[in-house]
Amino acid sequence: MTEVALGTLFQLIRNGLSIGQDKSGRGLPIARIETIADSEINQARVGYAGLDESGCRSFLLQPGDILFSHINSVPHLGKCAVYRGRPEKLVHGMNLLCLRPETTRLLPEFAKHLLRSPTFRSRALPYVKKAVNQASISIENLRTIPVPLPPLAEQRRIAAVLDRADELRAKRRQSLAELQALPQAIFHSLVGDPVQNPRGWPRVTLAEVIVSAADGPHASPQYSRDGVPLLSTRHVRPGEIVWEDLKTISPAAAEVQWRKRRPARGDILYTKGGTTGVAAVVDTDVKFAVWVHLALLKLKRQLVEPFWLEEMLNSPFCHAQAQRLTQGIANRDLGLKKMVHIALLLPPLELQREFVRRRAAIAPLKRAQRASLAELDALFAALQHQAFGGDLPRPGG
């Protein structure tokens, strides 16, 4: 397959308009990094700056333009999306490159898959400049990266195959998201609206249903190559602990931490820094330590079921309280002394256990959906490898 320098395939590669943005909704929408977070143009995640067309005409995107994230954390560097004319007018904003394909040589849908491929990423990574909290790749370096260029008819076929596979993955992710939302629906059907509390459940504070709340050490951790996993806020999602991309500390350092806060099955991890107010039950016997921005809650089990309290803390009712109690902008913090004042509803244990039973019935469905998604991800990766290696099978071949 012929290879050419990436820069020869685009009429235009440029940075976006540098201007302060807000969420006012005034003026034309402006694309930002969040706009392409899911590799599609998300009209709900744009910025505004009171712009009209006369003030930014040269930065208006054209259908077929590709927005490319060239300043981001390393895992998200290179995310891209094709602008297809929705919203009708969209301003090219800062921290994103606009790549306008020369369509007589390069189809936008093929270009999107090319830029997202492991083949391209492996060739781009040597040019990535890393800083403390982000990484970047320059336009000059981007232009020089060699890429495969099949004929237009083959580009169209490759894009169609990858689009179909990607669509299957998207549907599976959507099904999984709906299952993820189901426990909250069950919670509301049993408990009712926590704000209105139409069933008159007793109101208590978090302090009344826990034995203790402790966070991790405030000193910077000393990492070791092999040791005990150290969990931070990025490992805690609503109702889930993510055991990926872990750093470790020495067993000796972990033992020091465990003198005050030894995690055990049935405890709750609650985020108190960064993205605050997110809860997940410890549902494992794996030994781990926690960082300063995680609180470890030990519960009064005679009053609350862990999975019920997890759902209560993740409800909009409690999450909104956590945000009001959180202080700081760059360094957000929900202190231990503040979080214990979060108000809860406390229905009888039998009702809490009924919620836990119904929630448990969803778990096998979620496992099946995750396994199916993993298979589709593996299939998509194989198709990418074949497509950009020049050996994507043809139907009946």
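I first looked up the total, and the structure, which is a predicted model, holds 28 salt bridges.

I then turned to D163 and K112, whose side chains meet in a salt bridge at 3.4 Å from N to O. Because D163 belongs to helix α4 (residues 152–191) and K112 to helix α1 (residues 108–116), the pair ties together parts that are 51 residues apart in sequence. I checked the accessibility of both partners as well: D163 counts as partly exposed at 26% relative accessibility, whereas K112, with a relative accessible area of 4%, is buried.

My next entry concerns E53, which forms a salt bridge with R57, and here I wrote down 3.9 Å between the closest N and O atoms. Is R57 buried or exposed? I found R57 exposed, with a relative accessible area of 52%, and since the exposed class begins over 50%, I recorded the percentage beside the word. E53 has a relative accessible area of 28% and is partly exposed.

Last, I looked up E255 and R262, whose side chains meet in a salt bridge with 3.6 Å from N to O. For this pair I noted that E255 counts as partly exposed at 37% relative accessibility, and that R262 is partly exposed, with a relative accessible area of 40%.

How values were computed:
Residues numbered from 1 in each chain as written. Predicted model: local features only at pLDDT ≥ 70, side-chain atom pairs only at ≥ 80, totals over all residues. Heavy atoms only, no water. Salt bridge = Lys/Arg side-chain N within 4 Å of Asp/Glu carboxyl O. Buried < 20%, exposed > 50% of the residue type's maximum accessible area, 1.4 Å probe, protein only. Helix = DSSP H or I, 4+ residues; strand = E, 2+ residues; numbered from the N terminus.
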